[in-house]
Amino acid sequence: MCKIGNRMGTVPESKGIVRTTAVEDEKLKLISEGCNLKSKEEKHVSKDIIGEVFKTHHAIRTLDKTISNLEMELAAARAAQESLLTGSPLSNDVGRTESSRKRKYLMVIGINTAFSSRKRRDSVRNTWMPQGEKRKKLEEEKGIIVRFVIGHSATTGGILDRAIEAEDKKHGDFLRLDHVEGYLELSAKTKIYFATAVALWDADFYVKVDDDVHVNIATLGETLVRHRKKRHVYIGCMKSGPVLSQKGVRYHEPEHWKFGEAGNKYFRHATGQLYAISKDLASYISINQHVLHKYANEDVSLGSWFIGLDVEHIDDRRLCCGTPPDCEWKAQAGNICVASFDWSCSGICRSAERIKEVHRRCGEGENALWSATF
């Protein structure tokens with residue numbers, strides 16, 4: 001019913017007379033058209049409002065994404081600047097930050113190592129890690145960065161640091177961190193590694209692997225590219241081990257009370273021998289590194305940082321194969337492993353002596369890497 005002034009546009013009935021005059025018909029027609037016109041105008045205005053609301057929401061989402069990207073870039077630049085200002089013994093890669101970040105890489109592989117692990121490093125160099133010009137070719141043609149990751153000793157510039165500097169001068173394959181080395185500091189080292197790596201190289205993925213693990217780089221690359229379009233991805237062999245409250249045992253958790261009653265298990269997280277995270281997650285760690293809590297065990301710490309985030313956990317068992325005959329049987333069946341190690345040793349037992357044999361029996365072959373397309 002359409003309202004006209006203070007009157008309602010209905011036709012008055014008079015004592016059973018239902019016939020209307022021509023003038024009244026015209027009035028009714030005008031009233032009806034006026035109501036329809038007003039209804040159409042209201043619908044048009046309603047559509048305009050919905051359209052404007054949609055445009056506003058789209059603009060807000062775009063702005064949020066832009067701000068997020070700027071924050072990540074700022075955090076990355078700040079991490080590199082702080083390293084330079086504090087005079088920390090970072091690798092020569094810092095000097096190439098700008099040129100390195102101009103190009104896009106597939107992945108950065110950081111091999112966690114210690115001062116005492118020279119033989120392990122040499123065994124990795126002699127097996128799955130390309131050397132010299134081949135490593136340079138790997139970076140330029142395949143977009144893959146591989147570095148041994150290490151901090152500095154408690155006595156900066158001491159004999160341990162000088163030994164690493166001499167080794168780096170010979171091989172040029174270290175990423176030095178602003179971090180004091182120590183087994184109980186692995187969680188802190190992991191944070192600083194991701195923050196430093198994301199500041200130096202713009203990659204799709206950032207990988208951490210131990211120096212007593214065998215890796216097939218091409219198979220790793222082929223595995224990661226399947227998840228390239230996912231922004232928040234965490235890839236590894238997911239596990240949920242017991243929270244060990246007893247002091248003196250390996251992997252003791254001093255903060256066991258935070259995980260509830262005795263006998264409880266940890267939340268799902270990737271085992272520490274090898275895992276990969278996407279760029280956005282590495283940037284998140286870089287931005288929030290000063291407030292991320294460190295648990296005693298590095299792999300638990302990493303998993304805890306992603307709780308509450310919209311992160312996709314990818315459980316891929318090829319990232320945790322056993323040493324021969326396990327990885328060898330899988331290779332013969334056409335299911336080449338990404339990484340191989342002994343669970344009993346949390347790495348390859350006596351890796352400096354045995355990794356060559358693992359490489360011979362479970363390696364993908366050098367041609368696999370150079371013929372791979374990522």
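Biologist: Before we start, what should I know about the numbering and the model?
Modeller: Residues are numbered from 1 along each chain as its sequence is written, and side-chain values use heavy atoms, with hydrogens and water left out. The model is predicted, so local features need pLDDT of at least 70 and side-chain atom pairs count only at pLDDT 80 or more, while totals for chains, interfaces and linings use all residues.

Biologist: How much space lies in the largest pocket?
Modeller: The largest pocket holds about 1,000 Å³ of space. On a 1 Å grid over the protein atoms alone, a pocket is an open set of points with protein on both sides within 12 Å along at least five of seven lines, whereas a cavity is a set where a 1.4 Å probe fits but cannot get out; lining residues have an atom within 4 Å of a point. Points are joined across faces, edges and corners, and a volume is the space filled by probe spheres set on them.

Biologist: And which residues lie nearest its centre?
Modeller: Of the 39 residues that line the largest pocket, Tyr183, Leu186, Arg250, Tyr251 and Glu298 lie nearest its centre.

Biologist: Which element gives the most to that lining?
Modeller: Strand 9 does, with 4 residues; here helices (H or I, at least four residues) and strands (E, at least two) are DSSP runs, numbered from the N terminus.

Biologist: At what angle do helix 6 and helix 9 pack?
Modeller: Helix 6 and helix 9 (residues 298–305) pack at about 55°, with their axes 8 Å apart, where axes are lines fitted to C-alpha atoms, for helices over the stretch in contact, and angles run from 0 to 180 degrees between N-to-C directions. That angle makes helix 6 oblique to helix 9, because angles under 35 degrees count as roughly parallel, over 145 as roughly antiparallel, 65 to 115 as roughly perpendicular and the rest as oblique.

Biologist: Which residues make the contact?
Modeller: On helix 6 they are Leu186, Ser187, Thr190, Lys191 and Phe194, and on helix 9 they are Glu298, Ser301, Leu302 and Trp305, with contact meaning heavy atoms within 4.5 Å.

Biologist: What about helix 3 and helix 11?
Modeller: The axes of helix 3 (residues 118–125) and helix 11 (residues 351–362) come within 9 Å and cross at roughly 10°, and these two helices are therefore roughly parallel to each other. Lys119, Arg120, Ser123 and Val124 of helix 3 meet Ser351, Ala352 and Ile355 of helix 11.

Biologist: Last topic: where is the cis peptide bond?
Modeller: A cis peptide bond joins Pro324 and Pro325, with omega about 15°, and Pro325 is in the loop between strand 10 (312–315) and helix 10 (326–332).
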